[in-house]
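Trainee: I am new to this structure. Could you take one part of it, the place where the two chains meet, and go through it closely?

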Amino acid sequence: MLNEAFILIITSVILFILGIYGLSTRRNALKMLISIELLINAAALNIITFAYYFYSLVSLDAQIFVLFIIALAAAEAAIGLSIFLALHRLYGVPDLDVVSKLRETGE
Amino acid sequence: MELGLIIGLSVIVGLVALTILSGILAIESGEMMHAVFFLGVLLVIIGELYILLGAEFVGVVQILVYAGGVTVLMLFTLLFIPRTKERLEKPFMRIPSLITVILLLSIILMSIGYVSPRAAVPEIGYENIVEILRNIAELLVVDYKPLIGIVALVIFIVMIASAYISSVKRE
């Protein structure tokens, strides 16, 4: 039972759950961004593992999907970091729970 | 079990242990600079796993774009702001999250136990890598051409949005 595919699938599961844990417990924008990167990398590692062990590598669709995932994750990191900078400039702290512009005031 | 298989399995187990350890440190590290450093370590190791899994091109792109570009972008962003420690959550928020995560992990691991991966690993020689790269390029240019256009449009919009958001000033 202990072969490479099993180990790699468990690794991607653990990375995904670490990402969920970080997203649910952290309020710092950069930590949440790091958690999202963990989620994305877990999904990409899962795709490559399944493509390698369960399907033939002749169809390279999995690798191309992971390339697209990497490109979009880089774009997401860029816009997330600019939001991080804007938060720090507007509120002084890069925490997401201080953002209340979109919240109703309860009047 | 042959010696080569044992060495290969040990390398993968070592890389996987480093991946999980650096992931935990990236989430739990209180200093932001250390968290970004451990994220970079994790991204490099995942790139090496891609290379071991026969996806050499994806592994190189992962190391160049992800571990190089995104990590350095995060480090430069951290250099723009004054150095602050992370404000940690209240403990009662962390314990339910930890319990939920442990439950989720055990459910997923139990469900994985019923799947038995068959190791139908194709043999890949170095002479096939050029062929694989050519096939990737053909697929990207021919079959996935509309998707590349969409991704390029998304990245263009992201550039404009990043410039706009970065120019927001305090009222």
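**Where chain A and chain B meet**

Mentor: The contact between the chains draws 68 residues from chain B and 60 residues from chain A. Keep in mind that this is a predicted model. On the chain B side, at least two residues each come from α1 (3–28), α2 (32–52), α3, α4 (91–112), α5 (126–143) and α6 (145–166). Of these helices, α3(B) has the largest share, 12 residues. Sorted by class, the side of chain B that touches chain A holds 53 nonpolar, 10 polar and 5 charged residues.

Of its 107 residues, 50% are buried.

Now take one pair of helices. Two packed helices are described by the angle between their axes and the distance between the axes. Here the pair is helix α3 (residues 61–91) of chain A and helix α3 (residues 56–80) of chain B, whose axes come within 10 Å and cross at roughly 0 degrees. Angles under 35 degrees count as roughly parallel, and α3(A) and α3(B) are therefore roughly parallel to each other. From α3(A), the contact is made by A:Gln63, A:Val66, A:Leu67, A:Ile70, A:Ala74, A:Ala77, A:Ala78, A:Leu81, A:Phe84 and A:Leu85. From α3(B), the residues include B:Phe57, B:Val58, B:Val61, B:Val65, B:Tyr66, B:Leu73 and B:Phe80, and also B:Gln62, B:Gly69 and B:Thr77. By class, this helix contact has 18 nonpolar, 4 polar and no charged residues.

A:Ile48 shows how residues of both chains come together. Leaving aside neighbours within four places in sequence, A:Ile48 is in contact with A:Ala62 and A:Val66 in chain A, and with B:Tyr50, B:Leu53, B:Ala55 and B:Val58 in chain B. Two of these partners, A:Val66 and B:Val58, are also among the residues that make the contact between α3(A) and α3(B).

Finally, a word on the layout of chain B. The domain assignment gives domain 1 (1–86) and domain 2 (128–171), and the centres of the two domains, taken over C-alpha atoms, are 23 Å apart.

Methods: Residues are numbered from 1 along each chain as its sequence is written. Chains are lettered from A and ligands numbered from 1 in the order in which they are written. This is a predicted model: local features need pLDDT of at least 70, side-chain atom pairs count only at pLDDT 80 or more; totals for chains, interfaces and linings use all residues. Axes are lines fitted to C-alpha atoms, for helices over the stretch in contact, and angles run from 0 to 180 degrees between N-to-C directions. Helices (H or I, at least four residues) and strands (E, at least two) are DSSP runs, numbered from the N terminus. Angles under 35 degrees count as roughly parallel, over 145 as roughly antiparallel, 65 to 115 as roughly perpendicular and the rest as oblique. Two residues are in contact if their C-beta atoms, placed from the backbone, lie within 7 Å. Ala, Val, Leu, Ile, Met, Phe, Trp, Tyr, Cys and Pro count as nonpolar, Asp, Glu, Lys and Arg as charged, and the others, Gly among them, as polar. Domain bounds come from an automatic or database domain assignment. A residue is buried if 20 or more other C-beta atoms lie within 10 Å of its own, exposed if 12 or fewer, and partly exposed in between; C-beta atoms are placed from the backbone.
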